[in-house]
Amino acid sequence: MRTKGDFPNINERKAEGVREDGAPYRVLVVDDSMFVTKQIQQILTSEGFEVVGVAVDGAEGVEKYKELHPNVDLVTMDITMPKMDGVSALEKIIEFDKNAVVIMISALGKQDLVKQSLMIGAKNYIVKPLDRKKVLERIVSSLNR
Amino acid sequence: MSDYLDPNNEELLKDFYVEAEMQLESLERNILVLESDSSNEDAIDEIFRAAHTLKGAAATVQMTELAEFTHVVEDALDEIRGGKIKVDGHTVDVLLESLDIIKSMLESRSEGTVYGGDVSGIKEQLRALFEGDEKNKSVLSKATAKKLPVTKVQEGANSETFLVSEYEILELREAAGPDVEILAVRVKFNPDNPMNTVGGIQVFAILKSLGTILKTEPEFEKLYEDTFFPEVVYFLTGESTKEGIEEKAFISDVTLEVEVLQLVLGNEPTLPEVATNKTGIQAEESIDDLVASITSEIEEKGKEASVDLKDLEKATQTMGDPLGPAGRKVEDPPEEKKIIEERSEGTKKPQNSGGSVLRVESKRIDDLLNLVSETVINKATFNQVSNQFTENMNQLSQIQSSYRQLVKELFDSLPDYMEKIERGVSVKDVKKEITEGYGELLTIFDGVQSSFKGSINKFRSTAQNLGRITSELQEGVMRIRMVPIAQIFSRFPRLVRDLSKSLDKQIKLSIEGEDTELDKSVIEDLLDPLIHCVRNSLDHGIESPKERTAAGKPIEGTLLLKASNEGNMILIEIFDDGKGIDVDKVKQKAIERGIIHPNKLLTDVEAYNLIFEPGFSTAAQVTNISGRGVGLDVVRKQIEKLNGSVSVVSTPGKGSRFTIKIPLTLAIIQGLLVRVGQELYAIPITAVLDSHRIKPQEIRRIDNYEVFNVREDVVSLMRLDRIFNIPTEEKREHYFVVIVGSGEKKMGLIVDQLIGEEDVVIKPLRDHYTNAPGIAGANITGDGTVSLIIDVSQLLELGQKQEREARSKREETSSRKY
């Protein structure tokens, strides 16, 4: 896999996933699909984010969040997952930390759930199939908000 | 779309395929669960989730045909989940068929092509599932079509209310209280956003954090519905500045424009509002026109569509009824063909999965790492021992030199002592003097001996440790390649279902021991023979419902697939409660086919196992399912390739049991090492029945063949040196004979020497060596020499071929005589 270190950076553009002070934003990825998880990881790490945790279902996601807190800046949360779905997991996370930055990952056709999540406190949502530009845009904008 | 699909991203694609396969497996399993228990909600949820994930993943990797098709499937599943479709046999059929299409789509993709088959038919069937069940679907679609313009009209009204909302503004003011600034945030949304209906809520959620939202236009409940509003106005109070709100409420590619208006205290409407008022009215008019035209258009289309649908329904009905039975008949053969195709797919598979992915429990890797660290420690101990030995050596050489010195001195001084004795000094005194001077000599080696002893002990225990670790390591690595047999067993429910449908038999499949673990390579090669056996049992074993009732058995036949461990072998049994094997028929057939001699006496078990002989098929009629000329002999060949064996026992009228025995792994086997001339050979111990030491005169000749008597049996002999052309001294006092067998065949191999049993690590032979008949691979023995591993079944065949050739030659010559 290509990593940032392999190529000299000609345009001195700051990586999106790095704070002003140079520390990377730390992300927890919650998704039951290994494939999507990997994709998010690739996109994020290529921009300097640090994926500090991966969970395969909602319950594990909540647990990981509590474990990592406060050393986690952002959570990407799939909606359809076994055991505990993303919306319930979001609820639990917000209950635990009302300032949590959670971004929902949803497939097309789940508008109602996305709306519900936004009302509960999700900062943004991303629609699958994932597009690198959009993912980064929405994540960065949620972090800056 | 996504730049994550460049050719470099094979890794991601690989993951996609692995996951897709898992989803498919889960889909198939749960659909079958659903068939027997249509109200199983867990299964439905699981199916839905799998289909959904698959769709998402397919869209991501830009397999549009796949994503599109799965989407239709998902729609149907959604209806099932909602309880709108009842799950019956037909539904399951359609779903399974769709799964097959998804499978072939994936397969084409993995081969680098795009599935070219026509899926419109199955798509129609899927749609018909949810359309057919609600007969008034056309009405429904019309209703939704009507609903759409209604909301649009409302929209028009909404913009109106916003613009002439002086009364409502008053109301808002009252709600907010005096002296509070009310902001109207007007947001235009981007209709091209894939989830454009979410925007309204998204902005709502953001604004909520900035202040109190008094009211929205359209109302909040409407926003929550699944309708897209191009423009929403939020009324809120709070401390935020206009710019702040504008900045925060703007979400790229969700919103197009954010405008914050201030509602000023007092009754007079502000200027900007008037301005917007005018344009608003214009806009309103045009919207109204648009809405009117759209409504009429949609209504027309809806009518058309409903007519089309009705026509279609009628047509299908008229077509379906007279063709009904015929249609079924036409349908059946393709189904069977499909099954055959599936089979050939099955054989193709292993080739495709050349770079296959293996999922391993992380604990197994951890265990390995543990063992590796132990070997590192072990290595350090060995280094230590080696240092000790060097030390010992140094010590020894030192002691040796002082020993030499002393001995030399002793020799040199001997004449002096002799002289002393001659001079009259008493012997006793001389002795005493010698002991004083050279007594050391006796004990000089004691120290070094004890340190040598210590080192040797340490060396021994370290070597012992190494032995233990390596065998554990070997086991650990093997365990990495171990996968549960459930991987292939999971395919059978579907197979049995399809087969029993096409055979018109009722069969219940039960599976036991699916957790039994097997080497991955073995599992891959095991699928085909297993399918063959199961197919055979279904086709020839289990009777039709009619025959079963006549025989007083339950209509439903049972098939049991069972796997278990037996030492370092795996036992797979296939039981059926069918009619069993007719021994007489088998014998008769075997005689007909020239497989056995008419006079040959056979036990029942021997007779049963004749069905594994090439060219044997007792089914009177050749069906598509089994008995296509390739019979169970293929099964035996494949199992023997895995160094296993297959046998069958049967009770007439009660059923039969196929037993397949295979070693846990292919990579390491137990072998009997033998020597022929200067060469070493390893014979797999599983094939070795017996070994004997015989004198030359015990070898007899029948028809020019060397044979030899073992108890009551006559075994033909084969000289390995002649077969492999190895120069050796054939005349000797004794010969060693290793009796090998596979199935019912037996043969004695004459070798020069038996060396012993050893673990043999099989190294495959490459390229042009692979064709060497009778050789399965190579192995490196402990002292570094190479030994070839003998493929017993091939060797037996070779021997038989020679025998047959010789026989036909004989027959030719004898017929010429007459």
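Visitor: Which residues does Val185(B) touch, not counting residues up to four places away in sequence?

Guide: Two residues are in contact if their C-beta atoms, placed from the backbone, lie within 7 Å. Here Val185(B) touches Leu207(B), Val233(B), Tyr234(B), Leu236(B), Ile245(B), Ala249(B), Val258(B) and Val260(B), with residues up to four places away in sequence left out. This is a predicted model, in which local features need pLDDT of at least 70 and side-chain atom pairs count only at pLDDT 80 or more, while totals for chains, interfaces and linings use all residues. Residues are numbered from 1 along each chain as its sequence is written, and chains are lettered from A and ligands numbered from 1 in the order in which they are written.

Visitor: How many residues does the contact take from chain A and from chain B?

Guide: Chain A gives 28 residues and chain B gives 29 residues.

Visitor: How do β12(B) and β13(B) pair?

Guide: Strands are DSSP runs of E, at least two residues, numbered from the N terminus, and two strands pair if DSSP finds at least two bridges between them. Strands β12 (residues 668–676) and β13 (residues 679–684) of chain B are antiparallel, over six bridges. They form a hairpin with two residues between them, and Gly677(B) in the turn has a positive phi of about 60°. Val676(B) is opposite Glu679(B) of β13(B).

Visitor: Which strand runs parallel to β13(B)?

Guide: Strand β22 (residues 786–790) of chain B does, joined to β13(B) by three bridges. Within this pair, Tyr681(B) faces Leu788(B) of β22(B).

Notes:
Helix = DSSP H or I, 4+ residues; strand = E, 2+ residues; numbered from the N terminus.
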